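Visitor: I am new here. Could you take me through this structure by question and answer?

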Amino acid sequence: MEDSTNPRTQAIAALAELFFESACRSADLAQLESSAIDIGHGCMAEALGLALEALDARLLAQKTEGTSVHDVRSRTLATEIGDVGFSLRRYRDRFGEDVYLLADALDIPYGCRISPGAQEFLVQSASLVSYAKAAKLLARHGSSVKATSVMRCPRDAGALCAADNEKAARELYRDGVLPGGETCARELCMEADGTYFRAQGLPDGAPKRFEVKAVCAYAEKEAESGKVRRRGTVHHALVGRAGELWSEGVATVGKKYDLAKIERVHLGADGERWCRDAGRFLPNAEVTFHLDPFHINHAIIGCFADAKLAWSVIDALSDGDTAGGGLPAWGLRGSGHRPQKPRRCRRRIP
């Protein structure tokens with residue numbers, strides 16, 4: 001028989017009673033489910049606030065010498081379960097600086113109004129939908145925040161990631177400290193490319209377009225459900241110089257793969273100079289550059305006046321007919337015809 005004095009058992013029994021009362025008033029299960037979530041989140045938010053206050057009271061007995069209570073302040077945090085209100089003590093240390101023992105114990109940034117869990121939810125949501133829609137998703141059964149508050153979450157997360165990447169690059173190339181990746185791969189594949197975006201709301205004279213440079217590294221590709229998927233993939237991207245991308249990108253790769261064990265790297269890109277620069281940042285590995293299939297096809301099509309003939313050449317090369325036996329020698333550039341615009345081709349040329 002279950003112990004009725006267990007706090008969890010008592011909480012479940014209390015919630016069951018509240019849900020039963022709501023069920024008697026609900027028209028259908030959907031309404032009951034929504035009501036149950038609102039009731040549960042409301043109870044959890046209030047209980048969490050009381051728990052934080054209890055922890056703050058316990059920390060009072062553990063304060064160090066020279067730290068004294070200055071006052072008690074009220075705080076409200078926007079969370080995934082709703083607004084959590086609580087009171088916490090503000091201390092002054094022997095240097096006269098403000099100290100919040102509760103915030104230090106739970107790693108809550110001073111002055112924040114959104115909980116770390118809610119911030120993580122908003123960062124993930126804002127990467128998929130607009131800031132306004134991300135705010136609505138949180139407000140569905142959690143706290144209500146403004147779209148501008150959502151916008152700050154990915155920006156703050158991005159700043160933290162950038163600082164971490166810069167630190168890893170400094171430690172690798174200035175101090176000679178490997179990032180600590182444990183996966184051993186003697187051969188690695190890498191791809192690099194850049195994409196331009198148009199910016200809005202910039203001051204006069206500022207560039208209207210910026211390039212996001214990106215690199216990915218992976219151990220191999222495997223066919224799965226009719227698609228080719230990369231395995232063990234590591235991604236890195238930034239808006240900045242190529243040297244910054246490669247130094248930080250290689251350091252990021254080193255967090256997963258042991259850089260000291262990499263002997264060969266196959267680098268695929270579009271031929272732009274910065275994309276081929278990985279060798280300078282992987283001095284202990286043999287880096288081989290490969291022009292990617294799309295740009296190979298683009299170059300082949302540029303040699304023919306007849307796009308259909310060009311694609312027959314591409315198909316022949318894809319099938320392994322590198323000698324070109326049996327292909328007609330007409331239709332080359334100079335016949336006065338303009339080739340059609342090349343299409344993206346997923347077939348790889350050996």
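Guide: A pocket here is an open set of grid points with protein on both sides within 12 Å along at least five of seven lines, and its lining residues have an atom within 4 Å of a point. Keep in mind that this is a predicted model.

Visitor: Which helices and strands each supply at least two residues of the lining of the second largest pocket?

Guide: This pocket holds about 720 Å³ of space. Its lining counts 22 residues, and the closest to its centre are Pro154, Gly158, Ala237, Leu238 and Val239. The elements that each supply at least two lining residues are α4 (116-126), α6 (147-173), β8 (234-238) and α7 (242-254).

Visitor: Which element gives the most to that lining?

Guide: Four elements each supply at least two residues: α4, α6, β8 and α7. The top contributor gives nine residues, and that is α6.

Visitor: Is Asn165 buried or exposed?

Guide: Asn165 sits in helix α6. Beyond its neighbours within four places in sequence, Asn165 is in contact with His236, Glu248, Thr252 and Lys255. The cut-off for buried is under 20% relative accessible area. Asn165 has 13% relative accessibility, so Asn165 counts as buried.

Visitor: Which residue stands opposite Asp98 of β3?

Guide: β2 and β3 pair in the antiparallel sense. Two bridges make up that pairing. Opposite Asp98 stands Arg92.

Visitor: Is Arg90 buried or exposed?

Guide: Arg90 lies in strand β2, residues 82-92. Leaving out residues up to four places away in sequence, Arg90 touches Ser68, Val69, His70, Asp71, Arg73, Asp98, Val99 and Tyr100. Its relative accessible area is 8%, so Arg90 is buried.

Visitor: Which side chain is joined to the side chain of Arg90 by a polar contact of 2.7 Å?

Guide: Two polar contacts of this side chain can be named. The one with the side chain of Asp98 spans 3.3 Å. The one of 2.7 Å joins Arg90 to Asp71.

Visitor: How many cavities of 30 Å³ or more does a search of the whole structure find, and what space lies in the largest cavity?

Guide: The search finds one cavity of 30 Å³ or more. The largest cavity is lined by Arg75, Leu77, Phe86, Leu88, Leu102, Ala103 and Ile108. β1, β2 and α3 (101-106) each supply at least two residues of that lining. The space inside is about 40 Å³.

Visitor: How far apart in space are Val313 and Ala13, C-alpha to C-alpha?

Guide: Val313 lies in helix α9, residues 307-318. Val313 counts as buried, because its relative accessibility is 13%. Val313 and Ala13 are 300 residues apart in sequence. In space, C-alpha to C-alpha, they are 74 Å apart.

Notes:
Residues numbered from 1 in each chain as written. Predicted model: local features only at pLDDT ≥ 70, side-chain atom pairs only at ≥ 80, totals over all residues. Heavy atoms only, no water. Buried < 20%, exposed > 50% of the residue type's maximum accessible area, 1.4 Å probe, protein only. Polar contact = N/O pair within 3.5 Å; in protein donor to acceptor, adjacent residues only side chain to side chain. Contact = heavy atoms within 4.5 Å. Pairing = 2+ DSSP bridges. 1 Å grid on protein atoms, 1.4 Å probe; cavity = no way out; pocket = protein on both sides within 12 Å on 5 of 7 lines; lining within 4 Å. Points joined across faces, edges and corners; volume = space filled by probe spheres on them.
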